[in-house]
Amino acid sequence: DDTTEKRRGQARLNATACLDSRSVRGLWPFKSVGGNRYLVINSSTSMFYITDSGTCTQILGLTLTATAEVDCVQTLGRLWCVNGTESPFSWDGTSTDVPTGMPNGNLVGAFRNRVLTADVAGALTRVRLSGELDGEIWTVQIPGVSTTPANIDIAGTHDGWEVTCLLGEFQNQYVIGREHDLWGLSGYSRDDFVIRNISREVGCIDDRT
């Protein structure tokens, strides 16, 4: 007999499991500057990618801590990833790179053609921004110029509440969450970046919520 079956909202992409058949702990879409589309996977201590063929291929040169949560974002033609334990790295669909000087944070984001990172040991209330158009440049320069890296404090240095979420851009500002409050970073360069409180009653306890 013919029956009607409700769609499950899912589809199988790779029929063959990734190496070691470990649980998938993170997925990120990535489109290279050449137009190739990838699905990047964090599984156990490795990173993999899948193309339209569905074949799971390991990204070589990376060994990650299995219990550390990986966070990734696409900007400046690369996928930038952090886990707060190993050195941050980026991938362009072909090769990996370890940006010298990039702070070892647990969170990563992108804003105004810069890479952002936060929840860095010893600077839990700060958000760090790379140089404009260059995720390899992280040294803060004083006085610096409009395109140099920035180091922005949220609500006062070490006030006891670390940055827990980099929530992305909304209404022309980048939303930053802590457990009990939300903040918005606005501006277009180091000359005019400013942080404003959005809420002291609503916060964010986990970057993936």
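## Buried rings

Buried here means under 20% relative accessible area. With that in mind, let us look at this predicted model, starting with two phenylalanines: Phe111 and Phe193 are both buried. The ring centres of Phe111 and Phe193 lie 6.4 Å apart and their planes meet at 35°, so this pair is tilted. Phe111 belongs to strand 9 (residues 105-111), while Phe193 sits in the loop between strand 15 and strand 16; the two are 82 residues apart, and the pair links distant parts of the chain.

## Aromatic pairs and a cluster

How many aromatic pairs does the count come to? There are seven. One of them joins Phe30 and Trp91, a tilted pair with 5.6 Å from centre to centre and 50° between the planes. Phe30 comes from strand 1 (residues 24-31) and Trp91 from strand 7 (residues 89-91), so the pair ties together parts that are 61 residues apart in sequence.

Are Phe30 and Trp91 buried or exposed? Phe30 has a relative accessibility of 2%, so it counts as buried, and Trp91 is buried as well, at 3%. Phe30 and Trp91 also belong to one aromatic cluster together with Tyr38 and Tyr49.

Another ring worth a visit is that of Tyr188: the charged end of Arg112 sits over it, 4.1 Å from the ring centre.

Four strands make up an open sheet in the order 13-14-15-16, with antiparallel pairing. Strand 13 (163-170) and strand 16 (194-199) are the edges, each pairing on one side only. From one strand to the next, the twist averages 25°.

Inside this sheet, strand 14 (residues 173-178) and strand 15 (residues 182-186) run antiparallel and are joined by four bridges. To find your place, look for Tyr174, which stands opposite Leu185 in strand 15.

## Arg178 in strand 14

Strand 14 also holds Arg178. Is this arginine buried or exposed? With a relative accessible area of 2%, against a cut-off of 20%, Arg178 is buried.

Notes. Residues numbered from 1 in each chain as written. Predicted model: local features only at pLDDT ≥ 70, side-chain atom pairs only at ≥ 80, totals over all residues. Heavy atoms only, no water. Pairing = 2+ DSSP bridges. Axes fitted to C-alpha atoms, helices over the stretch in contact; angles between N-to-C directions. Buried < 20%, exposed > 50% of the residue type's maximum accessible area, 1.4 Å probe, protein only. Phe/Tyr/Trp six-rings, centres within 6.5 Å; stacked < 30°, edge-to-face > 60°. Lys NZ or Arg CZ within 6 Å of the ring centre and 35° of its normal.
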